Amino acid sequence: MSDLPDDLNPATQLVHGGTRRSQFEETSEAIFLTSGFVYGSAEAAEAAFVNDGSRFVYSRFRNPTVAMFEDRLAQYEGFPRCFATASGMAAVHAAVFGLLKAGDRLVASRALFGSCLYIVSDLARRFGIESVIIDGTKHEEWEKALSVPTNLVFLETPSNPCLEVVDLEHVVPLAHKAGAKVVVDNVFATPVLQKPRQYGVDVVVYSATKHIDGQGRCLGGAILCDDEVAAQLAPYLRHTGPAMSPFNAWVLLKGLETLELRVKAQSASALAVATFLENHPAVERVLYAGLDSHPQRALLKKQMKAGSNLICFHLKPVNGDAKAAAFATLNGLKIVKISNNLGDSKSLATHPSTTTHQRLTVEEKAILGIGPGTIRLSVGLEDADDIIADLKRGLDTLV
Ligand SMILES: *Cc1c(COP(=O)(O)O)cnc(C)c1O
């Protein structure tokens, strides 16, 4: 397939990893926008269905462009296998339901993206899986929940939107002792800044829609795992069909080429923006993984290489109304866009309480740290000074 040296540095893997050139020797990866493949003879077709899947048969199973994306991401993440999916939620769903059956037990941290919480609580219970949801920041809650046999652990670190952190070095051995596979949603940390496999995590899932595309163009997801987990997931994926489109795989391959550059630049800008916010009198509190004021900073320094581009901040109420303060800040923005997406080259601001987490009760939001004055900011690739000036305009009117 390729004659690249196998000791390439990560940034080089992102540019060249997984490349399969056609007979035309193209520079950029080809888009194989085909659902099926043809056989030279009936015998060749028969052989294709008998053998190990090395030949492309049908794009619900495998496709050359999608395979390039899978191989490139797997190489970079340090897992032997990757399955690309149509969205991040398709990846989460398949990773959880492909590994569990009725009667099994699952433990998850509660600080999760809303749809992830739906899968590991509502949906899991509907199909007869015992689901235990805990505060993932507390060592004693993991110890208690994992003191009995368990099949799967699911967690997000840092979490969406309030950046709670789970101690992987503590949780993974406990989970393995209980007999559980550990699945980590690594979207907020990105593949650049945190490698859960270093801690023994069995499965990493991504919404490739976020930083991997990084330019707000298409949906995608990925499941990374070893061969044993892959053997369990392969038939589930093959027969349920959450396959990634070859066109999206091509867009995401191009996204991978610039992933490190973008995430590093966005992290540096986010640190400047978070520092500005922390010193602004209208802001009550800033949570950012790269600031010393983060309550789990020591753990973050161990698990993540930098703070990423995501900031969560809480505004002080104005005349007793924190929601009004948040809305005034959002409505004052000219460069930063109001959107519920994240990881884009464009800076995006979200009011979680009324959008992404609207479904939760006031109490449930409070447990996750989401108040009426909470804003989630995804820092983009604009000049940091322009992002700061944009935020300052609205914030200055509040004091
Ligand atoms: C966006 C997101 C998802 C879901 O990904 P989609 O591509 O939107 O399906 C899952 N987990 C986290 C943490 C996310 O931010």
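The dialogue below walks through several features of a predicted model, one at a time.

Q: What does a search of the whole structure find when it looks for disulfides?
A: A disulfide is a pair of cysteine sulfur atoms within 2.5 Å, and a search of the whole structure finds zero of them. Cys 162 is in no disulfide, since the nearest cysteine sulfur, that of Cys 312, is 3.5 Å away. Cys 225 is likewise in no disulfide, and the nearest cysteine sulfur to that residue belongs to Cys 82, at 8.2 Å.

Q: Is Cys 162 buried or exposed, and is Cys 225 buried or exposed?
A: A residue counts as buried when its relative accessible area is under 20%. Cys 162 is buried, with a relative accessible area of 6%, and Cys 225 is buried as well, with a value of 0%.

Q: Which residues make a nonpolar surface patch?
A: Ile 31, Leu 33 and Phe 247 make a nonpolar surface patch of about 290 Å². Phe 247 lies in helix 10, which covers residues 246-257, and with a relative accessibility of 41% Phe 247 counts as partly exposed.

Q: How much space lies in the largest pocket, and which residues lie nearest its centre?
A: The largest pocket holds about 680 Å³ of space. Its lining is made of 31 residues, and those that lie nearest the centre are Phe 61, Arg 62, Arg 81, Phe 83 and Ala 234.

Q: Which elements give two or more residues to the lining of the largest pocket?
A: They are helix 2 (42-50), helix 3 (64-77), strand 1 (81-85) and helix 9 (227-240). The largest share of that lining comes from helix 3, which supplies five residues.

Q: Which residues does a cis peptide bond join, with omega at about -10°, and which does one join with omega at about 5°?
A: As a general idea, most peptide bonds are trans. In this model, however, a cis peptide bond joins Thr 157 and Pro 158, with omega at about -10°, and a cis peptide bond also joins Asn 160 and Pro 161, with omega at about 5°. Pro 158 is found in the loop between strand 4 (152-156) and helix 7 (168-177), and Pro 161 also lies in the loop between strand 4 and helix 7.

Q: What is phi of Thr 190, and what is phi of Ser 308?
A: The general idea is that most residues other than glycine have a negative phi. Thr 190 is not a glycine, yet it has a positive phi of about 70°; Ser 308, also a residue other than glycine, has a positive phi near 70°.

Q: Where does Thr 190 lie, and what is the place of Ser 308?
A: Thr 190 lies in helix 8, which covers residues 190-193, and Thr 190 is buried, with a relative accessible area of 1%. Ser 308 has its place in the loop between helix 12 (297-303) and strand 9 (310-315), and Ser 308 is buried too, with a relative accessible area of 2%.

Q: What separates the C-alpha atoms of Pro 173 and Leu 73, and what is the place of Pro 173?
A: Pro 173 and Leu 73 are 100 residues apart along the chain, and their C-alpha atoms are separated by 26 Å. The place of Pro 173 is in helix 7, where Pro 173 is partly exposed, with a relative accessible area of 46%.

Methods
Residues are numbered from 1 along each chain as its sequence is written. This is a predicted model: local features need pLDDT of at least 70, side-chain atom pairs count only at pLDDT 80 or more; totals for chains, interfaces and linings use all residues. Side-chain values use heavy atoms; hydrogens and water are left out. Buried means under 20% relative accessible area, exposed over 50%, partly exposed in between (1.4 Å probe, protein chains only). Patches are made of residues with over 30% relative accessible area and no salt bridge: like charges are joined within 9 Å, nonpolar side chains (Val, Leu, Ile, Met, Phe, Trp, Tyr) within 5 Å. Accessible areas come from the Shrake-Rupley method with a 1.4 Å probe; for residues, only the protein chains shown count as cover. A salt bridge is a side-chain nitrogen of Lys or Arg within 4 Å of a carboxyl oxygen of Asp or Glu. Helices (H or I, at least four residues) and strands (E, at least two) are DSSP runs, numbered from the N terminus. On a 1 Å grid over the protein atoms alone, a cavity is a set of points where a 1.4 Å probe fits but cannot get out, and a pocket is an open set with protein on both sides within 12 Å along at least five of seven lines; lining residues have an atom within 4 Å of a point. Grid points are joined across faces, edges and corners, and a volume is the space filled by probe spheres set on the points.
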